[in-house]
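Open the model in your viewer and keep the selection tool ready. The tour goes from whole chains to single residues.

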Amino acid sequence: MKLLLAFDRGLAKVEGFVLAASLVALLLLTLYSVAYRNLVAPQVLRMQGEAAAEADASVKAAAPVPVPVPVPDSPAAPAPAAAPAAGSGYGGDMDEEEAAPAAAPAAPAAPAAGGYGGDMDDEAAPADEAKAEAPAAAPAAGGYGGDMEDEGEPRGQAAAGTGTGTGTGTGTVVAMPPPAPAALPEDTPTIAFLKKIAFPWIDAVTRHLLLWIGFFGAALAVSRRSHIAIDALSRLFPEKGREKLRILLDLVSLVACVFLTRAAWRFMMAEREGGGMLYGDVPSWAGITIVPLGFALLAWHFAFEALLGILAAIGIDRAEIDARRAELTARPEHGAPAPAVATTPTPASAQEVAP
Amino acid sequence: MTMTVFSVAILALALLGTPLFVIVSSTAMASFAAAGIDTQNAIVELYRLAANPFLITIPMFTFAGFLMAEGGTAKRLARVARACMGWLPGGLVIATILACSFFTTFSGASGVTIIALGGLFLPVLIAEKYPERFSFGLCTAAGSMGLLLPPALPLIVYGMVAGVEINKLFIAGLLPGLLTVVVLSVFGVWVALRSDAVRTKLSAKEFFGSIWEFKWEALVPVIIVAGIFGGIVTVAEVSAITAAYVLIVEVFVYKDLQIRRDMPRVMRNSMILVGAILTILGCALGLTNYLVDAEVPMKIFEVAQQFFTSKWTFLLALNIFLLIVGGFLDIFSAIMVVVPLIKPVAQEVGIDPIHLAIIFIANLQIGYLMPPAGIDLCVASLAFKQPMTRMYRVAIPFVLVLFIALMVITYVPWLSLGLLPPEVPVP
C-alpha cells in the first residue's frame, strides 16, 4: 500500500513535470513561429522581391507548374482558400510577393500557403473562419490533419472530404521535402538560411503538445477532483454518503476510460496500417500515441482513486489516505474552491497560509 | 430497451457528479456502437481537435490568467480602481465592478475573483457604510462580470463547440459586456446615493501613483484588443504573446512570482483546468458529430416548432431555460451540453450564431447567481462565511438588474453584431 502511494506520488510528479515542460515548450515554439511569421517572413518576402526583380521571366513562367490543383469535386467553400494558396506554392515565390501584401487583410489565406511552414497554420486560422462549419478543413492545410483524415475517417463525410481536398492541395507543400532550392537557384544564402529556420515541424509539434497538456492535466485533475462535473446534487449528500458515491463514480469513470483507451488504441493501429506521414519521416500514428496513453493514464488514476476510496471505507490506511486527499484538495481550484479566508488578499497567499 | 436503461443510468450518473467527459464519451461510444459504427470514431474527433487553430488560446489565456491571479494583480487592481473611482458618488461600487470585470475576464470564471477581489473590497465597502446586504451582493455579483469581454474563456470554449469564429465572438462581446458593467454600476450608484456611504477624497498622488504601479498590467487588455482589432496577428498569436508578456511582467517586473518557487505550481494548476476543459471538449465534439449525423437537432427543432411560432418567443424560452440551467451547471458544462442541441434550432429560427453566443454567455453569467447551485453563490458563501440561503437573498436585486441588461442584449441584436466588420467577400 505504501508502495502504491509512493508510486502515485512519483507519477504525479512526473506528470507535473511533463505538463510544465510541455507548456514551456509550447510557449517558446509558438512565440518563435509568431516572431518568424511577423518579423522574418516579411523580410524574406522583401528580399525575394528584390531577387526576383533581377531574375528572368522563365522563373515566373515556371511558378504555377508545381502547383497541385485542388481536386475538382471539392465543395465551393474551401476553393477560394485553396486557390490563392496553390498560386503561391513553393515554386511560386514571385506570385507570393505580389499576393501577400495585397491580400493580407482581405484574404489571409493567401500567404497561409506561402511555403513557410511556420506561418502556415497561424494564417490558416482566419482561413478556417471562412468556413466555420468544417473546422477541420483549414487546419488540414497544415499538412498533418489532412493525412489523418485520409486514413482515419471511415465515414467520409463532407467535412472530411474538404479537409482532404485542401489538405493535399496545400498541405503537401509542407510535408514534402522542400523542392524550392532546386527550383529557385537564385536564392541567396541569407534567404536560404531564413527559409531553413522556418522549421515547419513546429506546427505539428505544438498541436501535439496541446494534446499532451490536455491529457496530463486531465490526469492530475482526477485526484484533485477538478474534473468538470455536475455537482449540484452530490453536494446534498452527507459526507459519508458522498465518499461511497465517489467510489462508484470512480469505477464508472474507470470503465469508460478503459473503453476509450481501447478505442484510441484501435484508432492508432488503423492509422499505423494506413501508413500516413505526419511530417517528414514521422509516421502519423506516432502523433496519436498520446491519445491511448492519455486515456490509460486517466484509467489508472480513476482505478487508484477507487482503490483508495474502498480501502478508506473499510478502514485500511485511512489516515494516510485522508492526509493525501486533504493535501490535494487544499488549493482553491476550479469547481472545488477551498474555503478561502476572506482577509487574505490573493489565492497565492491563501495557499501559503493553508499548509 | 437497453438504450433506455443506458440513457437513464447515464443521466443519473451525470447528475450524481460523474466527470462530464466520462458521461459524454460513454454516450458517444454507445451511440456509435448502437449505430454499428466503430467506436474509434469518437477518438477521431478528439484527435481532430488538435488541428483546431484556436485550441492554443485555451492554455495560453488560462496560463496568463493564473499568473495574474497568483501574482499581486488583485491588490494593484483594487488600489488603482479605488484611487480612480473612489471619489465619485458610488465610486467604490464602480471600482469594485470594474476591477472584478477585469479580473474575471482574465482569470476565467471559477470564482477566483470573489476570493481574490471580493475579500479585498468587502471590508472596505462595509467600512465606508454601504448597506451590508448590498455589499455582500455586490461582491458576489461582480464575480461573474466580465465574462463577455475578451479573452474570457467561456467565449473561446463556446466558439470551439459551436464552430463560431472566436475573434468575432470577442468583438461581439464587447458592447454587451460593457452594458452589463454599466447597468450594474448605475444600480450601485443609485444605492450609494440613497445610503449614507462616505466618499474618499481624490488624491492626485494616490491617483497617479496607483496608475503608475499598475501600468504594466494595464497594457495587457491593450495588447489583446489591439491584437484582435488590428488584424495583424491572429487570436492564437495574441494568446501566446499575452501569456509571455504576463509571465515577464509578473516574474521580472513586479517580482510577485519566483520561477523556482511558484512557477511549477502555477503551471500545474492552470494546466489542470486546461486538461479538464480539453478532455470534455474533445469528447463533446465526438458526441456532437454523432448527434448531427443522427439529425437529433432537427428532431428537437420539429418538436420546438410546435411551441415557438416566432424568433422572439423562442428567445424568451431560451432565456428562461438557460437561467435555470445556469443554476445547476457551471458555464463550461452548460456550453458543452446545451450548445450543440440549441444551436441548429436557433439557426432555423433565424438567430445569428454570434448573437446566440452572446445571449448564451449573458444568460449563464446570471446563472452564476441563481439558486440552487450558482457557482458565485457557492464560492461567496464559502469565502464570506455566509449561509447559502443568505446569499440567495442578497443576490436577488443584482439578478433583477442584470436581467434588464440581458433583455436588452437578447432583443437588440445590434449590440452584439454592430461592431463586427461587414463580411468581406473572399476573392
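**Stop 1: chain A**

Select chain A: 53% of its 355 residues count as buried. Buried means under 20% relative accessible area, exposed means over 50%, and partly exposed lies in between, with a 1.4 Å probe and protein chains only. This is a predicted model, in which local features need pLDDT of at least 70 and side-chain atom pairs count only at pLDDT 80 or more, while totals for chains, interfaces and linings use all residues; side-chain values use heavy atoms, without hydrogens and water. Residues are numbered from 1 along each chain as its sequence is written, with chains lettered from A and ligands numbered from 1 in the order in which they are written.

Colour chain A by secondary structure. It has 17 helices and 2 strands. Both are DSSP runs numbered from the N terminus: helices are H or I with at least four residues, strands are E with at least two.

Now show contacts, meaning heavy atoms within 4.5 Å. Among chain A contacts between residues at least 6 apart in sequence, 73% join residues at least 24 apart.

**Stop 2: helix α12 of chain A**

Select residues 201-223 of chain A. This is helix α12, with 23 residues. From first C-alpha to last it reaches 34 Å, close to the 33 Å expected at 1.5 Å a residue. The expected span is 1.5 Å times one less than the number of residues. Is α12(A) enclosed or open? It is largely enclosed by the rest of the structure, because 20 of its 23 residues are buried. Then click Arg225(A), which follows α12(A) and has a positive phi near 55 degrees.

**Stop 3: chain B as a whole**

Switch to chain B. Its secondary structure comes to 20 helices and 0 strands. Of its 427 residues, 65% count as buried. The C-alpha atoms fill a box of roughly 70 × 50 × 45 Å along the principal axes. The radius of gyration of chain B is 22 Å, which agrees with the value near 22 Å for a compact globule of 427 residues. That radius is taken over C-alpha atoms, and the globule rule is 2.2 Å times the number of residues to the power 0.38.

**Stop 4**

Most residues other than glycine have a negative phi, and most peptide bonds are trans. Look for exceptions here.

- Pro150(B) and Pro151(B) are joined by a cis peptide bond, with omega about 0 degrees. Pro151(B) sits in the loop between α8 (132-141) and α9 (153-162).
- Lys129(B) has a positive phi near 70 degrees. Find it in the loop between α7 (112-127) and α8. Its relative accessible area is 48%, so Lys129(B) is partly exposed.
- Lys385(B) has a positive phi of about 55 degrees. Its loop runs between α18 (375-383) and α19 (388-411). Lys385(B) counts as exposed, at 61% relative accessibility.

**Stop 5: Met336 of chain B**

Finish in helix α16 (residues 331-349) of chain B, at Met336(B). Is Met336(B) buried or exposed? It is buried, with a relative accessible area of 5%. Which residues does Met336(B) touch, leaving out those up to four places away in sequence? They are Val157(B), Val161(B), Ile277(B), Ile280(B), Leu281(B) and Ala284(B). Draw a C-alpha distance to Val157(B): 8.2 Å in space, across 179 residues of sequence from Met336(B).
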